[in-house]
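Reader: I am new to this structure and would like to go through it in short questions. Please show it before we start.

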Amino acid sequence: MRRQILGTVAFLALTATLLLELRGRADVRKSARVDPKGAAPIDPVPALASPTTPVALRLLNEAPKLIEARPAASPLVAPSAPSESNLMAELRDLRATEPTRTLELARAANQRFSRSPDAPERSWYIVRALLDLDRRDEARAEALQMQRDYPGSTWSEDIYRHVLVNPGTHPAERGYGTTYELERGPAATGN
Amino acid sequence: MGSSGGSSSGCNTAPIDPSATQQAKNLLCYLYSVYGSKVLSGQQETSWSNPQADIDYYVSTVGKHPAILGGDYLYPNGTTSRAQAYWAAGGISMMRYHMGAPPLSDTYDNSKGTVANFDELTKPGTAVNSSLNSKLDYLAVELEKLQDANVPVILVIYHEVDKYAWFWWSKGTGPQFITLWKYTVDYMIKTKGIHNVLWTLGFGHDGALSDYNPGKSYLDLGGIDQYDKGSQPFVNLYTGTKSVFGSTLPIPLHETGTIPQPKDMFPDKAPWLLWNVWATYQNTDAEGYTWNTPDTIKTAYADSHTVTREALPNLK
């Protein structure tokens, strides 16, 4: 009997947690439509399947796998944890110049304040930091996720333009297939 | 092709390069002559897939060509020959170069890289300086082909300059960027003998930055890019840019999502020198937003202030 009661309580708690989580995700999508800079209109979901963004199409299916593979931040928050405004101030001061620290801060903050209007800006920092760390596939996966999570945010749009329009690398590029400028590679000739 | 009228005789301005080609002089004089009363239409080509399609869209939609064809030397194959063909047909070329961060190779991803020691870029004997020179040597080869064919180029070599923005050239301080800019201009003119270029600085979305401005002795044009929605003709951006470059230097909108409507720009709200729509933004819903429609494009191209390729004077 006691086991049954415990089981029921656990089931109810799990259900309540799931409902709260689903509501939270809905709220953050709503909040993302109000741009933190106050300049962006409300727009429909970006057309990720646009023929102009083959890189987006190619990576669309890989995005969930790459994002799930990232290390999860600790759900435990110390009583002395900095406020969201302090975290944002630190992130803006960093301006992505310390990518490891930026990534750590932005991810932890997005876990703690997932419904905040500042969440899209933090995701922008995450993408920038991943690129600076040369983790390009992860950066693209995060960029695609941003388009889903925060449509209409200028932060998502900036990421779209710089990560999802031009292919990251392409056979038409001068340095395609090589790492360094002066290394021997395919001849980089013009016309 | 319009009537002759691009000659630099009687023109009071000259490129910063004292050995500039006659065609570069003609082009700059023409740009100065229309600045404030006309705006040149432009379109960036999709260099990595189907560059012709961007221009063809205008021909099928409005029956005219943009005055300016935008290219990118990140993608070498065909970029120079298309510029040459566009000039031969009466148009103008505006180039940029998503250069990889030295010492990395030239890929779009690498253009967003970081140079470990920015000061070494201009220090002879360092690895990053050798890499930078190699990239400039490649660029010089391409520009020399155009020079030999008497084709001038508006070159926005380091574009979208913002404080710690996306591209490596923005990841230094203002003085470091100015040193890089001056080094690049001097290297191309004095070392490589390139004299068909109008040197154009392009700021980014954050607005023009006075501490990144190398000054008029190193600039022929000073512009900016933006992707604002619904606020054309982008008056605040124009005003802010003008406050940095001054009232005489023509200001191109060298990259945009939406075409600013000429009827809203003149006489003095935001009289851009030119607009250049980014590749594919003329007819796709990039970012889930309709930047332009056939009707807005037709309206802009039909405006009496707009210069198309067909209306350009002979600048040869």
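Author: Two residues are in contact if their C-beta atoms, placed from the backbone, lie within 7 Å. This is a predicted model, in which local features need pLDDT of at least 70 and side-chain atom pairs count only at pLDDT 80 or more, while totals for chains, interfaces and linings use all residues. Residues are numbered from 1 along each chain as its sequence is written, and chains are lettered from A and ligands numbered from 1 in the order in which they are written.

Reader: Leaving aside neighbours within four places in sequence, which residues is A:Val163 in contact with?
Author: A:Val163 is placed in helix α8 of chain A; helices (H or I, at least four residues) and strands (E, at least two) are DSSP runs, numbered from the N terminus. Outside four places in sequence, the contacts of A:Val163 are A:Val127, A:Ala139, A:Arg140 and A:Ala143.

Reader: Is A:Val163 buried or exposed?
Author: A residue is buried if 20 or more other C-beta atoms lie within 10 Å of its own, exposed if 12 or fewer, and partly exposed in between, with C-beta atoms placed from the backbone. A:Val163 has 28 C-beta neighbours inside 10 Å, so A:Val163 counts as buried.

Reader: How many helices does the secondary structure of chain A come to?
Author: Along the sequence, chain A reads α-α-α-α-α-α-α-α. Its secondary structure has 0 strands, and the helices come to 8.

Reader: How many residues of α6(A) are buried?
Author: α6(A) has 14 residues and reaches 20 Å from its first C-alpha to its last. That is close to the 20 Å expected at 1.5 Å a residue, where the expected span is 1.5 Å times one less than the number of residues. The helix is mostly covered, and its buried residues number 14 of 14.

Reader: Which helix gives the largest share of the side of chain A that touches chain B?
Author: The contact takes 40 residues from chain A and 42 residues from chain B. On chain A, α6 (119–132) and α8 (154–165) each supply at least two residues of the side that touches chain B. The largest share of that side is 5 residues, and they come from α8(A).

Reader: Which residues have the most contacts inside the largest nonpolar core?
Author: A nonpolar core is a set of buried Ala, Val, Leu, Ile, Met, Phe, Trp, Tyr and Cys residues joined through C-beta atoms within 7 Å. The largest one has 116 residues. Those with the most contacts inside this core are A:Val127, B:Val153, B:Leu155, B:Val197, B:Leu198 and B:Trp272.

Reader: Which residue of β6(B) is the bridge partner of B:Leu155?
Author: Two strands pair if DSSP finds at least two bridges between them. Strand β5 (residues 153–156) of chain B is joined to β6(B) by 3 bridges, and the two run parallel. Leaving aside neighbours within four places in sequence, the contacts of B:Leu155 include B:Val197 and B:Trp199. In β6(B), its bridge partner is B:Trp199.

Reader: Why is β6(B) largely enclosed by the rest of the structure?
Author: B:Val197, B:Trp199, B:Leu201 and B:Phe203 point one way from the strand, B:Leu198, B:Thr200 and B:Gly202 point the other way, and all are buried. β6(B) is largely enclosed because its buried residues number 7 of 7.

Reader: Which residue of β8(B) is the bridge partner of B:Ile224?
Author: Strand β7 (residues 221–226) of chain B is joined to strand β6 (residues 197–203) by 4 bridges, in parallel, and B:Ile224 is the partner of B:Phe203 there. β7(B) also pairs in the parallel sense with strand β8 (residues 253–256) of chain B, over 3 bridges. In β8(B), the bridge partner of B:Ile224 is B:Leu253.

Reader: Is B:Pro267 buried or exposed?
Author: B:Pro267 sits in the loop between α8 (262–265) and β9 (275–277) of chain B. The C-alpha atoms of B:Pro267 and B:His305 are separated by 9.9 Å. With 8 other C-beta atoms within 10 Å, B:Pro267 is exposed.
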